[in-house]
Amino acid sequence: MSIWEENVRKVVPYTPGEQPDFPDMIKLNTNENPYPPSPLVEKALKEMDADALRLYPAPAADALVEGLAAVYHVKKEQVFVGVGSDDVLAMAFLTFFNSDKPILFPNITYSFYDVWADLFRIPYEQIPLNEEFAIVPEDYMKENGGIIFPNPNAPTGVEMPFEEVERIIAHNPESVVIIDEAYVDFGAASVLPLIEKYENLLVVQTTSKSRSMAGMRIGFAFGSEKMIHYLNDAKYSFNSYTMNRPSLILGSAAIQDEAYFRETTAKIVTVREWTKKELKRLGFSFPDSKTNFIFATHEHVPAKELFEALKKQHIFVRYFNKPGIDNYLRITIGTEEQMKKLIAFLEQYL
Ligand SMILES: *Cc1c(COP(=O)(O)O)cnc(C)c1O
């Protein structure tokens, strides 16, 4: 290795799910929403003015921040926005996880956490889930440099009840606790109200899943005014203009449409519950999911084999070749029609 290479900040990167592109495909591998964004987004897109792109966007992303504050009933000083919740989370790792003590997160969870910890040289400890794939709150009641986990967890889909999340936060007043609520809109309870009670809590959400805006890259976080201030200081020291003009306009439109949001998330929940029954009938088992995906294993047929067989039909699901979860498939909930095709194929194959 050359001398200059020895000083490179090396990291093993996160591997995102495949983005195949076939006209006939059923894409159930990256937890995207099968419905289009709100009609308000399409309208705003058509009315967008290309000439405005000459000018830098508002560095504080005011329109979007104020819109989020209004919709979620918080002060604008309690809102932070970023280029997807990945950007928000990365900035939060950089800002808040700066101790010699390890940060804590589950061993089976969003696989970006250990990548950011490695990139920023943050010590960490990955805590095993129990046999039911649940996070055990007591495991997070020891010395630490910070805590992060998704609720519901990914890729398991398991929700931790509100009271248990609060127990973890209440027990850790000396470190920052980040709850990644990427999937909370599909039937789980958000701990957002707790930001008024705990100034060290950050609640992170996204427009990627429940608002069908994965391609737009808009994430957001809620926390105490103090925490949001610290986050913004780090952001302005890195890249002042994270949110571009189209993001500010289209993101604001997406969060306004409460009726459409309720309708599409409810449809996904209904189709999820139908899919659970069908998968059970075909010999699958899975932890109960409160998300827009199901993490399933079959009683006889290996997950890898099913993954390959589905892929041949252009039905894409996610398979993780990792110890402990390598006999599971993470299946995103698509439209009713897509799930019927998935079940029909599985029935015939099995
Ligand atoms: C999808 C996902 C994210 C990131 O989503 P963005 O598209 O970057 O907003 C963050 N955390 C978890 C657990 C996710 O599944």
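Pro37, Ser38, Ser210, Arg211, Ser212, Ala254, Asp257, Tyr260, Phe261 and Thr264 line the largest cavity. A cavity here is a set of points, on a 1 Å grid over the protein atoms alone, where a 1.4 Å probe fits but cannot get out, and lining residues have an atom within 4 Å of a point. This is a predicted model, so to speak for local features a pLDDT of at least 70 is needed, side-chain atom pairs count only at pLDDT 80 or more, and totals for chains, interfaces and linings use all residues. Residues are numbered from 1 along each chain as its sequence is written, and side-chain values use heavy atoms, with hydrogens and water left out.

The structure holds one cavity of 30 Å³ or more, and the largest cavity comes out at about 60 Å³; volume is the space filled by probe spheres set on grid points, which are joined across faces, edges and corners. Helix α9 (residues 258-281) supplies the largest share of that cavity's lining, three residues. Helices (H or I, at least four residues) and strands (E, at least two) are DSSP runs, numbered from the N terminus. By class, the cavity lining splits into four nonpolar, four polar and two charged residues, where Ala, Val, Leu, Ile, Met, Phe, Trp, Tyr, Cys and Pro count as nonpolar, Asp, Glu, Lys and Arg as charged, and the others, Gly among them, as polar.

On to the pocket, an open set with protein on both sides within 12 Å along at least five of seven lines. The largest pocket has a volume of about 770 Å³. Its lining counts 39 residues, and Tyr14, Tyr110, Lys209, Arg318 and Arg330 are the closest to its centre. Helix α4 gives the largest share of this lining, four residues. The pocket lining holds 18 nonpolar, twelve polar and nine charged residues.

The ligand takes up the space of this largest pocket (more than half of its atoms lie within 2 Å of the grid points). Around the ligand, with a heavy atom within 4 Å, are residues including Gly84, Asp86, Leu89, Tyr110 and Arg217. Helix α4 (residues 84-96) again turns up, giving the most to this shell with four residues.

Aspartate 180 places a polar side-chain atom 2.7 Å from a ligand nitrogen. For tyrosine 183, a side-chain N or O atom is 2.5 Å from a ligand oxygen, and for threonine 206 the distance from a polar side-chain atom to a ligand oxygen is 2.6 Å.

Definitions and conventions: Polar contact = N/O pair within 3.5 Å; in protein donor to acceptor, adjacent residues only side chain to side chain.
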